[in-house]
Amino acid sequence: MIIKDYLFEKFKNKKCSVLGFGRSNKPLVDMLLSSGAQVTVRDKNDGVRSDADFERLVSAGVEFILGESYLGALSGDYIFRSPGFRPDLPEINAALQSGAILTSEMELFFELCPCRIIGITGSDGKTTTTTLTHLFLKTEFEKHDSDRSAYVGGNIGAPLLPKVDKMGSDDVAVVELSSFQLMTMTRSPSRALITNITPNHLNWHTDMDEYITSKCNICRHSGAELLVANAENGITREIAKNSDLPVTYFSSKKSSYSEIVPFFKENCKAIYESDGVIYLDDGQTRQVILKTEDILLPGRHNVENYMAAIALTDGYVSPQTVQSVAKSFPGVEHRLEFVREREGVRYYNSSIDSSPTRTAAALSALPKAPIIICGGSDKNIAFDGLARDLCTKVKAVVLTGQSAPAIRREIELCPLYDPERLEVRHVADFKDAVITASTIANKGDVVLLSPACASFDAFTNFEERGAYFKKIVKEL
């Protein structure tokens with residue numbers, strides 16, 4: 001195939017260092033091997049030796065450098081960076097000065113992908129919007145254009161790189177992109193969405209400016225044809241204002257084109273709700289897309305997720321397809337996921353809520369104040385806003401994890417805190433925290449896992465945390 005020929009020409013006999021042996025880099029290693037490259041995998045985790053693919057790859061000629069000195073003498077023609085590696089590490093800088101080219105699995109996918117790419121980033125709402133966008137396209141193609149396929153990947157689902165040779169020019173790939181991935185990207189998707197930008201990952205990024213700049217990479221390079229932006233987020237509104245791309249704005253608060261689109265912006269559209277109906281408006285005519293009462297998912301933030309997905313699939317997907325998905329889509333796992341009802345208490349898993357703004361959205365979607373389980377690894381995000389939400393929107397708080405003391409401190413400093421009304425407990429062990437929340441709850445209550453923090457103090461990722469929560473709840 002043409003892609004295989006291209007890869008062989010590009011990587012034959014080239015020295016390629018792959019940083020990190022995670023899920024997305026495993027197929028990358030195989031692809032480089034099949035292209036005649038000399039591959040070295042570098043990973044700090046010495047446990048990689050017990051990986052199911054380790055012996056096979058060693059036999060195929062892959063060199064593994066593991067342990068604390070895994071980045072020592074880093075060199076090669078190409079260095080493939082996993083998202084967790086900062087591109088300005090001294091070892092990487094030294095290799096680049098010696099002539100190496102820094103890239104990544106995702107950048108290679110963008111280089112090879114023969115079809116249109118829809119890219120989605122933002123601080124909150126990425127996963128649900130990515131899932132909806134793919135589901136809209138998949139449903140539409142299955143019903144009306146069976147020769148086309150929709151793919152989904154990036155930060156969600158399986159790696160896309162192994163599927164690239166199956167993709168046709170008329171297909172569409174939907175890709176969720178993190179700030180870590182975007183930081184070094186030099187290509188943009190044809191349609192780009194920034195759901196919102198709020199403080200996040202400040203334990204990794206040097207500051208908020210670097211975080212914002214990384215997000216902007218989704219729409220500033222060649223290939224970009226459309227930007228979809230949240231009109232109600234100050235940062236994304238400013239990005240859209242300064243962009244030369246056509247923009248589709250979405251707003252959950254304003255209800256007309258003239259309120260949403262700046263007067264000086266041309267070739268723009270707006271998506272908004274008026275009297276319970278979501279409209280797509282180009283400034284001349286407005287099209288009825290969906291009644292908000294038909295959206296199965298609870299919460300105003302999910303109305304915004306639908307608006308964003310509608311904007312991204314404009315011209316690809318009919319209103320009828322959007323309506324059919326809205327009436328049947330139950331949501332993504334770990335996002336306000338109903339687990340079980342026990343003795344009149346309903347348990348919800350929202351482990352994906354790894355920032356205070358996500359927890360705020362989850363709280364706004366629930367019909368009553370829950371007993372909430374919060375805490376995890378600290379991302380250097382301020383907890384004062386979270387404290388205000390906890391003091392006004394929950395019945396009780398069970399804190400656990402690394403950040404529990406910091407959250408408790410902000411609760412106690414909050415002028416809205418009433419210790420007579422809000423019970424706050426600190427339970428170090430995660431399982432004990434879940435059991436404690438269940439003992440506080442009475443018939444008719446809701447117990448919600450919404451950590452407002454990352455999971456890395458105790459779990460590999462938020463999926464593992466959510467799965468463990470569900471296991472504990474089901475065994476109560």
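**Figure 1. Helix α6 against helix α12.** Helix α6 crosses helix α12 in a right-handed manner, where right-handed means that the near helix is turned clockwise from the far one by less than a right angle, and left-handed means anticlockwise. The model is predicted; local features need pLDDT of at least 70, side-chain atom pairs count only at pLDDT 80 or more, and totals for chains, interfaces and linings use all residues. Residues are numbered from 1 along each chain as its sequence is written, and side-chain values use heavy atoms, with hydrogens and water left out. Helices (H or I, at least four residues) and strands (E, at least two) are DSSP runs numbered from the N terminus. The axes of α6 and α12 (residues 319–326) come within 9 Å and cross at roughly 120°; axes are lines fitted to C-alpha atoms, for helices over the stretch in contact, and angles run from 0 to 180 degrees between N-to-C directions. The two helices are therefore oblique to each other, a term for angles that are not under 35 degrees (roughly parallel), over 145 (roughly antiparallel) or 65 to 115 (roughly perpendicular). On the α6 side the contact (heavy atoms within 4.5 Å) uses Leu132, Leu135, Phe136, Thr139, Glu140 and Lys143, which meet Thr321, Val322, Ser324 and Val325 of α12. By class, these residues are five nonpolar, three polar and two charged; Ala, Val, Leu, Ile, Met, Phe, Trp, Tyr, Cys and Pro count as nonpolar, Asp, Glu, Lys and Arg as charged, and the others, Gly among them, as polar.

**Figure 2. Threonine 139 in helix α6.** Threonine 139 is located in α6. With a relative accessible area of 14%, threonine 139 is buried; buried means under 20%, exposed over 50% and partly exposed in between, with a 1.4 Å probe and protein chains only. Leaving aside residues up to four places away in sequence, threonine 139 touches Thr321, Ser324 and Val325.

**Figure 3. Helix α6 against helix α11.** Helix α6 (residues 126–144) packs on helix α11 (residues 300–312) at about 45°, and their axes are 9 Å apart. That angle makes α6 oblique to α11. The crossing of α6 with α11 is right-handed. From α6, Thr128, Thr129, Leu132, Thr133 and Phe136 meet Asn302, Asn305, Tyr306, Ala308, Ala309, Ile310 and Leu312 of α11. This contact has seven nonpolar, five polar and no charged residues.

**Figure 4. Helix α13 and its surroundings.** Helix α13 (residues 356–365) has eight of its 10 residues buried, so it is largely enclosed by the rest of the structure. The buried residues are Pro356, Arg358, Thr359, Ala360, Ala361, Ala362, Leu363 and Ala365. They pack against α6, α11, β17 (371–374), α14 (384–393) and β20 (446–449).

Figure 5. Serine 123 sits in the loop between β6 (116–121) and α6. Its relative accessibility is 1%, so serine 123 counts as buried. Residues up to four places away in sequence not being counted, serine 123 touches Thr195, Asn196, Ile197, Thr198, Asn200, Tyr211, Lys215 and Arg358.

**Figure 6. The largest nonpolar core.** This core has 64 residues, and those with the most contacts inside it are Phe11, Leu32, Phe64, Phe80, Leu108, Phe109 and Leu227. A nonpolar core is a set of buried Ala, Val, Leu, Ile, Met, Phe, Trp, Tyr and Cys residues joined through side-chain atoms within 4.5 Å. Helix α5 (residues 105–112) gives the largest share of this core, five residues. Another core, of 37 residues, lies apart from it, and includes Leu193, Ala311, Val322 and Val325. Among the residues that phenylalanine 80 touches, not counting those up to four places away in sequence, are Phe11, Leu28, Leu32 and Leu108.

**Figure 7. Helix α16 against helix α17.** The axes of α16 (residues 430–440) and α17 (residues 462–475) come within 10 Å and cross at roughly 50°. This makes α16 oblique to α17. Their crossing is right-handed. Phe430, Lys431 and Val434 of α16 make the contact with Arg465, Tyr468, Phe469, Ile472 and Val473 of α17. These residues divide into six nonpolar, no polar and two charged.

**Figure 8. Two loop residues with positive phi.** Asparagine 267, not a glycine, has a positive phi of about 60°. Asparagine 267 lies in the loop between α10 (257–260) and β12 (269–274), and is exposed at 63% relative accessible area. Alanine 452 has a positive phi near 65°. The place of alanine 452 is the loop between β20 and α17, where alanine 452 is buried, with a relative accessible area of 2%.
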